[in-house]
Amino acid sequence: MSNPTHRTDRIVGVLLLLLSIAYGWTASRFEVGMLSDPVGPKPFPYLIAICTAVASLWLILRPDPDPQWPPVSFWLPLGLVLGSLVAYAYLLVPLGFIVVTTLEMALLAVLFGARWWQGLAAGLAFSLVVYFLFTAGLNVPLPAGKIWGLGR
Amino acid sequence: MDILQALANGFEVALQPVNLLLVFVGCLVGTLIGVLPGIGPISGVALLVPLTFALKLTPESAIILLAGIYYGAMYGGSTTSILLNIPGETSSVVTTLDGNQMARQGRAGAALAISAWGSFIAGTLSVLALMLLGPLLAQWAIRFGPAEYFALMVFGFSTLSALAGKNMAKALLATLFGLLLSTVGQDPQSGMSRFTFGLLQLEDGMDFLVVAIGLFAVSEVLMILQDKAPPAVQATVGRVYLSLKEFTFSLLTILRSSILGFVIGVLPGAGASIASFVAYTVEKRLLGSRARFGQGDIRGVAAPESANNAAAGGAMIPLLTLGLPGSGTTAIMLGALVSLGVTPGPQMFQQHPNVVWGLIASMYVGNAMLLLLNLPLVGLFVRLLAVPSWFLIPAVLAVSFIGVYAVNNNPFDLLLMTVFGLVGYVMRRLDFPLAPVLLGLVLGYLMEVNLRRAMAISNGDVGFLFSSPIAIVLWVLAGLSLFAPTLLSRFVKRGALGDDEI
């Protein structure tokens, strides 16, 4: 069974085993004051930690064959999408929903094969429609953008 | 009779103009979600939950809308399977086998019609069964104490782990990961912060919507980005028409598959995909040489399409009577109900009859509405596939951002969503099932609370968990469901097991 094509699951198993140990260890350091119930906040996490450890050992012993990983050329678009999502979270409040959503949609559209001006136009149109639909129509507040002096 | 009276009240709720509109919107949106590849029912329901909060819908209206999306998606998923050989949902993968063959032989209209009728009959039967069995089960479950509830959840998680995904260790790890996430935030009883890493944003725990949208919607986008979305194809539908002969020819298959699908739907973890697969296999074996499955047999479309709709109805039973969702979609519905102040469970039939019976009645209405909606409008739905994916997918993502942001009006949740998007992508790549994570997250809190209540009653005696007959039965069943597949596989050949064991 220790065929090199089972490596991925074993690595994942080891990582999850480490996670369960770290999780259990964190739980053991909870400082519990007065107890309102006989169990307290620790045992349930312990239970999860033990079960996770057992299940990850099981995975290490009985791994699936390695999956097909995407080609190296996919790392760039993947990184771009994830990076842009992080940027989106940080820029949403300062720049406002319309601006960041337009840019995000334009980027994704390009990654999905559109031309940049198509993506930008579609993104802007959709962001505008959705913004006013939600804020004015449904009373869901969305950030208007601090740097434009629009509060929130 | 009690049930009839309750059902009449339910119809009063379901036939209110607002709720009728919501059934319609739910069915329509659900069908769209089903037709469009790349948005699954889980993401679809998760995306619309914030909307139900924003609109300040009553719990019964909210659940009616969400359920409409759920079975609408079951219904819509078949269309692309038949016409384009692209399953809109995992639950209609099997439908491609005979459905697309029929389309190639120029019988697309008949295939679409049988899937609509099969879904309608199965959906209606499963609502009937839900109506009859639900209250009985609730009456029985109302005697459950904390110990029984804890055992019930262990049972739920073990069947889930045994049935979801090919590798049980992975399903189990996914469930445990969800449970682990549920412990993040303030401890419900002592009020101390657990696993928050000092982040204030995690004090209230991780919101199930943020996790669901990240895990399902964002990772779906990443998967499509890699595989490059399928090219927009023009398909001809023709007349959606079924002859009486074809209908009677398939009727027995529809009935058998409905029952099978319903039973499978009740089991936690099984759900629509497995139901459609099992129904197809069973019919194929049962009919043997009398059928030409795989070559465009109309019953090969009727079986999976009936089964997946029946399963969607069956899945409502554990959700409504035990508060135990069996699938990712129902887990989101549970979360939404809890957020609206309704705790699903046996008491719900008494405390919130409007929600339960309103939902049941609306499912009758919805089934009829889907039939009316689908038969004439299939062509229109298919034309939507011509919308280029470079617009569609970013647009879906933009709507998810709103959904995530609206939960707490906090951009931190968008970061969390991104993290779970990556986690979901890796899990998909490695063949880890995603739905158990969501179930663990939604149920983890209740599981811990019940454990601690049980321990409070018994003053810390662990034996109390195994002290009642119901609890013992549940523990035994939990053990069996975890170990039976492994034990059986020693005696039975692997291939045969896949079909029969489920």
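**Before you start**

Residues are numbered from 1 along each chain as its sequence is written, while chains are lettered from A and ligands numbered from 1 in the order in which they are written. Because the model is predicted, local features need pLDDT of at least 70 and side-chain atom pairs count only at pLDDT 80 or more, whereas totals for chains, interfaces and linings use all residues; side-chain values use heavy atoms, with hydrogens and water left out.

**Stop 1: a nonpolar patch on chain A**

Select A:Val99, A:Leu103, A:Val110, A:Trp116, A:Trp117, A:Leu120, A:Ile147 and A:Trp148, and show the surface. Together they form a nonpolar patch with about 840 Å² of accessible area. Patches are built from residues with over 30% relative accessible area and no salt bridge, joining like charges within 9 Å and nonpolar side chains (Val, Leu, Ile, Met, Phe, Trp, Tyr) within 5 Å. The areas come from the Shrake-Rupley method with a 1.4 Å probe, and for residues only the protein chains shown count as cover.

Which elements give two or more residues to the patch? They are helix H4 (97-111) and helix H5 (116-137) of chain A. A:Trp117, for one, sits in H5. Helices (H or I, at least four residues) and strands (E, at least two) are DSSP runs, numbered from the N terminus.

**Stop 2: A:Glu104**

Stay on helix H4 and pick A:Glu104. Is this residue buried or exposed? A:Glu104 is buried, at a relative accessible area of 4%; the cut-offs are under 20% for buried, over 50% for exposed and partly exposed in between (1.4 Å probe, protein chains only).

Now display its neighbours. Leaving out residues up to four places away in sequence, A:Glu104 touches A:Ser84, A:Leu85, A:Tyr88 and, from chain B, B:Phe401. Contact here means heavy atoms within 4.5 Å. The side chains of A:Glu104 and A:Ser84 are also joined by a polar contact of 2.8 Å. That term covers a pair of N or O atoms within 3.5 Å; within protein, one must be able to donate a hydrogen and the other to accept it, and residues adjacent in sequence count only if both atoms are side-chain atoms.

**Stop 3: A:Val39, facing chain B**

Move to the loop between helix H1 (7-28) and helix H2 (43-61) of chain A, where you will find A:Val39. This valine is buried, with a relative accessible area of 15%. Beyond residues up to four places away in sequence, A:Val39 touches B:Arg452 and B:Met455. For a sense of scale, draw a C-alpha to C-alpha distance from A:Val39 to A:Ala89: the two are 50 residues apart in sequence and 39 Å apart in space.

**Stop 4: the salt bridges of chain B**

Follow that contact across to B:Arg452. B:Arg452 and B:Glu448 form a salt bridge at 2.9 Å, N to O; the rule asks for a side-chain nitrogen of Lys or Arg within 4 Å of a carboxyl oxygen of Asp or Glu. Both residues lie in helix H19 of chain B, 4 residues apart, about one turn of the helix.

B:Arg452 is buried at 1% relative accessibility, B:Arg194 at 2% and B:Glu448 at 3%.

Next, select B:Arg299 and B:Asp297, a salt bridge with its closest N and O atoms 3.2 Å apart. B:Arg299 is buried at 7%, and B:Asp297 is buried at 5%. Over all chains, the count is 9 salt bridges.

**Stop 5**

Most residues other than glycine have a negative phi. What is the phi of B:Phe195? It is positive, at about 50 degrees. B:Phe195 lies in the loop between S2 and helix H9 (208-227) of chain B, and is buried at 8%.

Finish at B:Asp431, in the loop between helix H18 (412-429) and H19. Its phi is also positive, near 70 degrees, and B:Asp431 is partly exposed at 40%.
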